[in-house]
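Subject: Structure for your review

Hello,

Please find the structure below, with the sequence alongside. My notes come after it.

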Amino acid sequence: MTRIRTRLLIVHVLVLSVLAVLAVRLWQVQVVRGAQYVSAATETRTRDVMVPAVRGQILDANGRPLVRNRTALVVSVDRTALYRMRDGGNAVLRRLAAVLGQPVQALRDRIRSCGPGVTRPCWPGSPYQPIPVDEGVSTRQALQILERQEQFPGVTAEVQAFREYPMGSAAAQMLGYLQPVTQEELDRRKGIADAFSGVDLVGRDGLESVYDEALRGVPGLRRVQVDRLGKVLGVERQVAPVPGDTLITSIDSKVQLIVEKALVNAMKKAPKADGAAGVVLDPRNGRVLALASAPTYDLGVWSGGISEAEYRGLLSEKYGKPLVSRATKGEFAPGSTFKISSVSAMLADGYPLNGKYNCPGSFMVGGRPFSNFRGQGLGVLTLHQALVKSCDTIFYRAGFEQWLRDGGLNPKGPTKEPMAHTARAYGFGSRTGIDLPGESPGRIPDRSWKKEMWAATRDGNCKRAKTGFPEVAKSSPSRASFLKRLAHENCLEGYRLRAGDAANFSIGQGDVLVTPLQLARAYAALVTDGKVRSPRIGWARVRPDGRLVERIKSPVTGRLPITAEQRTYIRKALSEVTSDGTAAGAFNGFPMDQIRIGGKTGTAEVYGKEDTSWFASFAPAADPRFVVVVMVSQGGMGGSTAAPAVREIYEQMFGIAPQGGKKSAPALPGMRAAQTLPVISPDGLVAR
């Protein structure tokens, strides 16, 4: 009995001790340290939120928008936060899918990283950026997410700006598009992360790429107070973002649309045409008024994420590779449009300006006849007439003679190569330096180039000289035999510039390649002051309130190696091509008494395809203010496809009634491009 009482006493003492300890601890928590715990329970944390800047607009020369902004409610997901959750964020994605009315799998596809074996849609940017999953949600959907943030951790809904393209698919390759900045870029370029808000996009092509930093602006900072559930309680500090600059271009949107339409019409007239390009320059200052490539595509395809099928289509031969600008990246044999360079080379090499030159139906070069178009002989001509009538044999002879003077197959010393030297002076064989990315340099096939090509292709040619071309022999034994002999020659002597190479070069055939923009620049230098300029699309950068930041000029990069008298002689000859020469049919009925058009047709042969159609022009012929070049790949003869397209462009630019049609209002009243920058008022509106 005594033992039981002792035990009960011990239990009582223990219980009382525990209660005493709890009482003391409770007193400490509620009284002694109560204020501290209350403060800890209600403590808020701060988070720094980068606020994206409004991207600058891109305007034409008259202040009309080429690219502008629109706003939309966007739901984004922090993939890193989701993947840290116990279930990998599956529950959050299911709730989000229900709110947005999308399949859960569609959301998972949008937030996965792009990479090998991962088809679009996927996320091409940094995995640490918020990933947009719906860019057109309603206010109600956004509020469902924001008001129940505890159910949607890692999910945000906010207003963001998006690009809008008032001209639709026009000028797509020139304007470019936006895509998320990748993690590789953030890691590679030191300090770049500070320039991005986390939802900013970066220019990937065109003007958006070249002027990306200026257009993007500087993101702002908002330091907010949040509770333990992540709900925002207030703003502690705020630094406003700096909007991007507005880029004013020299493009005239009306002229751009005219050129785009003319290219489409030209391709319809040529059944096998697979691409076209058009360029309009102001030759006096190097400004680009229009730059078009066909086929084109709708820039809106990049908004909201592009599908795998759409992306492949932009790069597909089947659809004409619409992502590629044929105006700046396409390289084509120029045909007779190149003769301005060849005749300049003749004059620079001492051929008499007012001499007489025989134009037979064919001319023997290296033991083989090189013929005029359809083998027609035109008798004795001046250089003026040779350009108007486009006599090939005069140029064949000059190219062959210059090749012989340089030592022919076995030059013993330094060679002059007048035609190659002059072509480079015109800017062929090198990039124009236009403010667009990815420009092609073209090709001038001189002796140095031949040696480089031989070194690069010798092994392949020597192998083919032995094995032949069995895959070709199945369909064309004669073609296979020819290719085997050619491979044998190139294996042994491919480093030599042959007589036939020089002859072909003189009329813009063979291995010579140019871009439409290069050709336009060359004609601009010829018909004005002889200065070769690097074309520019950007005209000025201004702040949103209209303050001028920078005026963009077209630098002079070279000078033609001929005199002003010689330039005038060539220009006057080209001024008769549309009335008495190879483009007379295309310009039949055009009011030359009101405005004379000068130019040169080009029909370049391409093995296995239809000819490339060219027309390079300028107007007014006596005092050129415009250079217009059109190229149609597989378009046939220059006078049949490209020249009519150029006529269509001039008619609408100047308000001239087409044959059998009605006169329309001129796109360029007074036949003048904009000479002064549009005025932007302090409130951001365009006054002109």
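The model is predicted: local features need pLDDT of at least 70, side-chain atom pairs count only at pLDDT 80 or more, and totals for chains, interfaces and linings use all residues. Residues are numbered from 1 along each chain as its sequence is written, and side-chain values use heavy atoms, with hydrogens and water left out. Helices (H or I, at least four residues) and strands (E, at least two) are DSSP runs, numbered from the N terminus.

An open sheet of five strands has the order 12-11-23-22-21 with antiparallel pairing, where two strands pair if DSSP finds at least two bridges between them. Strand 12 (287–294) and strand 21 (598–604) are at the edges, each with a single partner strand, so one side of each has no neighbour in the sheet. On average, neighbouring strands of this sheet are turned by 5° against each other, direction ignored. Axes here are lines fitted to C-alpha atoms (for helices over the stretch in contact), and angles run from 0 to 180 degrees between N-to-C directions.

Strand 22 (residues 612–619) pairs with strand 21 in the antiparallel sense over seven bridges. Within that pairing, Gly-602 has Trp-614 as its bridge partner, and Lys-600 stands opposite Ala-616. Seven bridges also join strand 22 to strand 23, again antiparallel, with Ala-619 opposite Phe-626. A hairpin of six residues connects strand 22 to strand 23.

Is strand 22 buried or exposed? Eight of its eight residues are buried, so strand 22 is largely enclosed by the rest of the structure. Buried means under 20% relative accessible area, exposed over 50%, and partly exposed in between (1.4 Å probe, protein chains only). Thr-612, Trp-614, Ala-616 and Phe-618 are buried on one side, and Ser-613, Phe-615, Ser-617 and Ala-619 on the other.

Helix 21 (residues 516–527) lies across strand 11 (275–282), strand 12, strand 21, strand 22 and strand 23 (626–633), and runs at about 150° to strand 23.

The helix pair

The axes of helix 17 (residues 447–467) and helix 19 (residues 477–493) come within 8 Å and cross at roughly 135°. That makes helix 17 oblique to helix 19; angles under 35 degrees count as roughly parallel, over 145 as roughly antiparallel, 65 to 115 as roughly perpendicular and the rest as oblique. Residues of helix 17 in the contact (heavy atoms within 4.5 Å) include Trp-454, Arg-458 and Asn-461, which meet a set in helix 19 that includes Lys-484, Ala-487 and His-488.

Strand 14 (residues 362–365) and strand 15 (residues 368–371) pair in the antiparallel sense over four bridges. Val-365 has Arg-368 in strand 15 as its bridge partner. Two residues lie between the strands of this hairpin, and Gly-366 in the turn has a positive phi of about 60°.

A single residue

Val-202 is in strand 7 (residues 201–203) and counts as buried at 7% relative accessibility. Val-202 and Gln-179 are 23 residues apart in sequence and 5.5 Å apart in space, C-alpha to C-alpha.

Regards
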